[in-house]
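This briefing covers a single protein model together with its ligands. Please view the sequence and the structure first; the points that follow are grouped by topic.

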Amino acid sequence: MIICRRQVRQCRVQPAVVPFLCGLLNGDSGGLGILPESHGRGAPVLPWRRMATWRTGTQPNAAGGDDMGECTICHRQSPHISQTLGLCTGCILADTPQAHAQAAGAHARARRRFHLPTDPPDAREGAGCRQCINACKINTGQVGYCGVRRNDDGQVSGGDAQAAAVQWYHDPLPTNCVADWVCPASGPAGHPDFTDTTGPEHRYANLAVFYEACSFDCLFCQNWHFKQHSVAGPRHSAAELAAAADSSTRCICFFGGDPSCQIEHALAAARRARQERQGRILRICWETNGSMSRSALKQMGELSLESGGCIKLDLKAWNEPLHRALCGVTNRRTFRNFEYLSGWISRRPDPPLLIASTLLVPGYVEAEQVSRIARFIARLDPSIPYALLGFHPAFEMCDLPTTSRQHAVECLEAARAAGLHRVRIGNVHLLA
Ligand code: SF4
Ligand code: SF4
Ligand code: SF4
Ligand SMILES: [Zn+2]
């Protein structure tokens with residue numbers, strides 16, 4: 001399997017089977033590895049819809065035509081309504097039992113395909129896991145909501161230092177990481193404590209660590225392929241992963257999926273890699289949905305603080321009913337964790353410790369949502385960097401269009417109007 005991390009994030013293809021979504025690379029080079037430099041950011045992008053069938057293994061929505069979706073409650077039709085979800089934003093925000101049931105059905109159908117529980121297990125006599133907001137209570141022989149933590153003998157295990165569902169690869173720096181515009185890998189930030197150059201760290205690499213399980217169930221997931229390995233698939237120890245941090249590695253980015261479900265593994269690997277490379281630059285960064293326990297967040301934060309890394313936290317929607325409908329899980333812990341971490345910013349203002357991001361999902365995450373999120377961030381600290389990311393049709397929402405330029409610009413202006421000083425649109429080349 002090869003993963004390209006240079007576009008919206010991670011096309012994953014089998015060697016020599018299909019091209020990457022951008023159409024510029026295919027899997028011919030085989031195995032995990034560094035992608036050719038020719039995969040430039042300004043390169044043209046093929047229409048996403050032409051790839052819809054092989055991306056998800058399912059047919060595009062049944063609405064036909066130009067993917068016109070219909071809300072099952074108000075019956076409004078629009079290309080900005082996902083037929084899979086079958087709800088418009090207005091009906092989601094009305095927060096009715098009918099809307100809950102409709103959204104729950106969409107998530108259940110999506111999860112059954114991967115043998116994932118439709119809801120966080122809540123078995124009275126089950127073993128408890130408190131690593132994330134889902135607080136699963138898992139019966140013997142069953143798995144938690146993430147699929148990777150399981151109760152085999154009365155205790156929950158999985159995703160620990162011995163074995164995790166994880167893959168990794170080296171990504172040449174500078175890379176189009178969510179935080180590359182403010183981090184030491186690309187510019188003067190953090191010099192001289194956390195980088196030895198005031199420019200891009202050419203000739204070095206980021207060790208990108210992709211965890212194959214998640215505590216959310218986003219219908220728009222741009223990386224949904226990981227679900228195939230959550231319940232069963234290859235497992236690797238923290239020691240194996242730490243050994244991959246070679247002399248070319250300047251930073252490790254833990255993402256996925258989400259690192260929170262396998263946080264013991266991630267923390268063990270990060271500490272081991274830092275110890276083995278003592279005295280040398282090795283920044284520890286995280287890309288997460290922010291649903292982890294407070295104890296895990298503190299340990300992640302300490303590692304990032306001391307190493308010059310950062311935590312990139314996805315704030316996917318402001319309104320809780322909308323977040324539940326899109327992501328299957330509440331956003332309450334995410335916003336609480338973000339607020340908590342913002343209190344650490346003064347401990348190391350440069351480079352920024354905390355970065356926010358939001359995926360601009362047409363019809364659902366538009367200027368109003370971004371404005372509310374941005375006001376929340378600005379109240380905490382208006383200097384927190386905020387990245388707005390272009391959406392491309394994927395997974396259960398492959399019937400929605402790519403984020404338009406107008407949509408992105410409206411969101412950018414809304415975030416700036418809310419008082420944020422550092423806002424940027426990522427993946428500009430993807431915008432329609
Ligand atoms: S990590 Fe989260 S989703 Fe997975 S078993 Fe634990 S509480 Fe449940
Ligand atoms: S992993 Fe961290 S240091 Fe490396 S490019 Fe991304 S934000 Fe910058
Ligand atoms: S949190 Fe990220 S990885 Fe997890 S389901 Fe949502 S989009 Fe996918
Ligand atoms: Zn509606």
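A residue is called buried if 20 or more other C-beta atoms lie within 10 Å of its own, exposed if 12 or fewer do, and partly exposed in between, with C-beta atoms placed from the backbone. By this criterion strand E14 is mostly covered, since six of its seven residues are buried. The model is predicted: local features need a pLDDT of at least 70, side-chain atom pairs count only at pLDDT 80 or more, and totals for chains, interfaces and linings use all residues. Residues are numbered from 1 along each chain as its sequence is written, and chains are lettered from A and ligands numbered from 1 in the order in which they are written.

**Overall composition and confidence**

- The protein has 432 residues, of which 51% are buried.
- Its secondary structure comes to 10 helices and 16 strands; helices (H or I, at least four residues) and strands (E, at least two) are DSSP runs, numbered from the N terminus.
- The average pLDDT, the predictor's confidence in each residue from 0 to 100, is 87, and 85% of the residues score at least 70.
- Residues 1–65 have a pLDDT below 50, and this stretch has 105 contacts beyond near neighbours in sequence in the model.
- Two residues are in contact if their C-beta atoms, placed from the backbone, lie within 7 Å; of the contacts with a separation of 6 or more, 69% are between residues 24 or more positions apart.

**The eight-stranded sheet**

- Eight strands form an open sheet with mixed pairing, in the order E9-E10-E11-E12-E13-E14-E15-E16; two strands pair if DSSP finds at least two bridges between them.
- The edges are strand E9 (166–172) and strand E16 (423–426), each of which pairs on one side only.
- Neighbouring strands of this sheet are turned by 20° against each other on average, direction ignored; axes are lines fitted to C-alpha atoms, for helices over the stretch in contact, and angles run from 0 to 180 degrees between N-to-C directions.
- Strand E13 (residues 311–314) runs parallel to strand E14 (residues 354–360) and is joined to it by four bridges; Leu313 has Ala356 as its bridge partner in E14.
- E14 is also joined by five bridges to strand E15 (residues 386–390), again in parallel, and the bridge partner of Leu360 in E15 is Gly390.
- Helix H6 (residues 294–307) lies across E12 and E13 and runs at about 140° to E12.

**Ligand surroundings**

A residue is near a molecule if its C-beta atom, placed from the backbone, lies within 6 Å of it. Ala, Val, Leu, Ile, Met, Phe, Trp, Tyr, Cys and Pro count as nonpolar, Asp, Glu, Lys and Arg as charged, and the others, Gly among them, as polar.

- Ligand 1 has 13 residues around it, the nearest being Cys129, Cys132, Cys136, Gly144 and Cys146; its shell divides into eight nonpolar, four polar and one charged.
- Ligand 2 is surrounded by 14 residues, with Cys177, Cys183, Cys251, Cys253 and Cys285 closest. Strand E11 (249–256) and strand E12 (283–288) each give two or more residues to this shell, which has nine nonpolar, three polar and two charged residues.
- The residues around ligand 3 include Cys214, Cys218, Cys221 and Cys327, as well as Asp217 and Asp258; this shell has five nonpolar, four polar and two charged residues.

**Arg235**

- Arg235 lies in the loop between strand E10 (205–211) and helix H4 (238–243).
- Arg235 counts as partly exposed because 18 other C-beta atoms lie within 10 Å.
- Leaving aside residues up to four places away in sequence, Arg235 touches Ala163, Ala164 and Ala165.
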